[in-house]
Amino acid sequence: MRVNGRHFETIWINNQHPAVVQIIDQRLLPFAFQTEDICTVTEMYTAIRDMHLRGAPLIGAAGAFGMYLAMVNAAGDKPEKQYITDMAGYLKSARPTAVNLAWAVDKLAHDLRNTSSREAAVETARRGALAITAIERENCLKIGQHGVRLIEALSQKKKGDTVHILTHCNAGWLACIDYGTATAPIYLAHDQGIKVHVWVDETRPRNQGARLTAWELSQHGVPCTVIADNTGGHLMQQGRVDMVIVGSDRASPYGDICNKIGTYLKALAARDNNIPFYAALPSSTFDWNLSEGAVETPIEERNGDEVRFIEGLYEGRTCSVDIVAPGVPVANYAFDITPARLVTGIITERGIVNADKKSIFTLFPENLNPVNE
Ligand code: MRU
């Protein structure tokens, strides 16, 4: 997507220095746009854990590039199988909830175990990481192409009046490689000349909506308004939301959607107001072995300082201020689960599907196995 008119993706190998992976440091947005060089697997682990980059598809790709860096910097003539297993385990432990990380890292680790030299391992990892970015880029575009039909239909129903879409967190191109998941249909609709406007939940505690989604939508010229997290229900009651589209970090084959904390409350409000609630996600976000309700999903608990302090710009400099009564404990759960019964449909790269097991496995039959059938 465009940043100040120039095309950017979220992760790439430096053209001149193939041992350097580059990312956009999302901690600084929207106040500064800066890229960061990542040269070691430890630096990639830190970038994922401390959210220099974030969003399920992107941390999957970052995990794959982490495996690439682990091979580039491996000692000896041939990376040992144990080293590959250790590096994969290390990267996967950076963030527990988004299943894309384990999906991508395990895919690379599997291919790497059959390589016969260090050079072959580096090349296998490089190709593997680039293939994952290509798949995710393509999948997001397809999600956009399927999802835009929903927006078109609403626009026709409203006789060309603006379609108002509410989204939570950042499931935009910054969370993926390009286009985004929840935002892909919105970008395509906007580019086709359909009038759209996005209600952007600020998304406490890290404010990915206010900081990232609002920034990337405005870079592309999509009209949007940032709202406090607890505003969505009121707007829905007033008839000012036509649909909700969110992303996901892990989805069950039953159609349960794990996403940024607060998503569940939006789904409840949408159901109470008869507003369609869609999750947009690539197949790498399905955890095919989850049970109904996605109850085994590990919900990441992050440092309470993310709740206690809020970061912003003051007189041109970023600063952080304490907003909680002194001495009172805080809790910081990063994700919640929206049960399938509240999900109108799931927008995937293969099409839009009902949030139930039969429909999902009809679209992805190759993932049926003795555990989940
Ligand atoms: O904690 P984050 O910022 O990594 O959480 C991201 C989200 O919850 C997104 O909505 C989700 O990953 C979908 S990204 C396409």
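Author: Helices (H or I, at least four residues) and strands (E, at least two) are DSSP runs, counted off from the N terminus. By that reading, Thr263 sits in helix α9.

Reader: What kind of model is this, and how are its residues numbered?

Author: It's a predicted model: local features need pLDDT of at least 70, side-chain atom pairs count only at pLDDT 80 or more, and totals for chains, interfaces and linings use all residues. Numbering starts from 1 along each chain as its sequence is written, and side-chain values use heavy atoms, with hydrogens and water left out.

Reader: Back to Thr263, then. Is Thr263 buried or exposed?

Author: Buried means under 20% relative accessible area, exposed means over 50%, and partly exposed is in between (1.4 Å probe, protein chains only). Thr263 comes out at 0%, so it's buried.

Reader: Which residues is Thr263 in contact with?

Author: Contact means heavy atoms within 4.5 Å. Skip the neighbours within four places in sequence, and Thr263 is in contact with His168, Val246, Phe277, Asp336 and Thr338.

Reader: Now the sheets. In what order do the seven strands of the open sheet come?

Author: Two strands pair if DSSP finds at least two bridges between them. Here the order is β8-β7-β6-β9-β12-β16-β17, with mixed pairing. At the edges you'll find β8 (224–227) and β17 (351–353), each pairing on one side only. From one strand to the next, the twist averages 25°.

Reader: What packs on that sheet?

Author: Helix α9 (residues 263–272) does, touching β6 (163–167), β7 (196–201), β9 (243–246) and β12. For angles, axes are lines fitted to C-alpha atoms (for helices, over the stretch in contact), and values run from 0 to 180 degrees between N-to-C directions. The direction of α9 makes about 145° with that of β12.

Reader: How many bridges join β6 to β9?

Author: Two, and those strands run parallel. Look for Ile165, which stands opposite Met243 in β9. Moving along, β9 and β12 pair in the parallel sense over three bridges, and Val244 has Phe277 in β12 as its bridge partner. Then β12 (residues 277–280) and β16 (residues 345–348) pair over three bridges, in the parallel sense too. In that pairing, Ala280 stands opposite Ile347 in β16.

Reader: Which residues of β9 are buried on each side?

Author: In a regular strand the side chains alternate between the two faces of the sheet. In β9, Met243 and Ile245 lie on one side, Val244 and Val246 on the other, and all are buried. Both faces of β9 are therefore covered, going by the buried cut-off of under 20%.

Reader: What about the three-stranded open sheet: which strands stand at its edges?

Author: Its order is β3-β4-β5, and the pairing is antiparallel. The edges are β3 (11–13) and β5 (35–38); each has a single partner strand, so one side of each has no neighbour in the sheet. The twist averages 25° from one strand to the next. Between β3 and β4 (residues 21–24) there are three bridges, and Ile11 has Ile23 in β4 as its bridge partner. Helix α2 lies across β3, β4 and β5, running at about 20° to β3.

Reader: At what angle do α1 and α2 pack?

Author: Helix α1 (residues 41–49) and helix α2 (residues 56–72) pack at about 165°, with their axes 8 Å apart. That makes α1 roughly antiparallel to α2, since angles under 35 degrees count as roughly parallel, over 145 as roughly antiparallel, 65 to 115 as roughly perpendicular and the rest as oblique. From α1, Val41, Met44 and Ile48 meet a set of α2 residues, among them Ile59, Phe65 and Leu69.

Reader: Last stop, α6. How many of its eight residues are buried?

Author: Six, leaving α6 mostly covered. They are Ala184, Pro185, Ile186, Tyr187, Leu188 and Ala189, and they pack against α5 (118–157), β6, β7 and α7 (208–219). After α6 comes Gly193, with a positive phi near 90°. In the loop between β6 and α6 (184–191) you'll find Ala171, which is buried at 10% relative accessible area.
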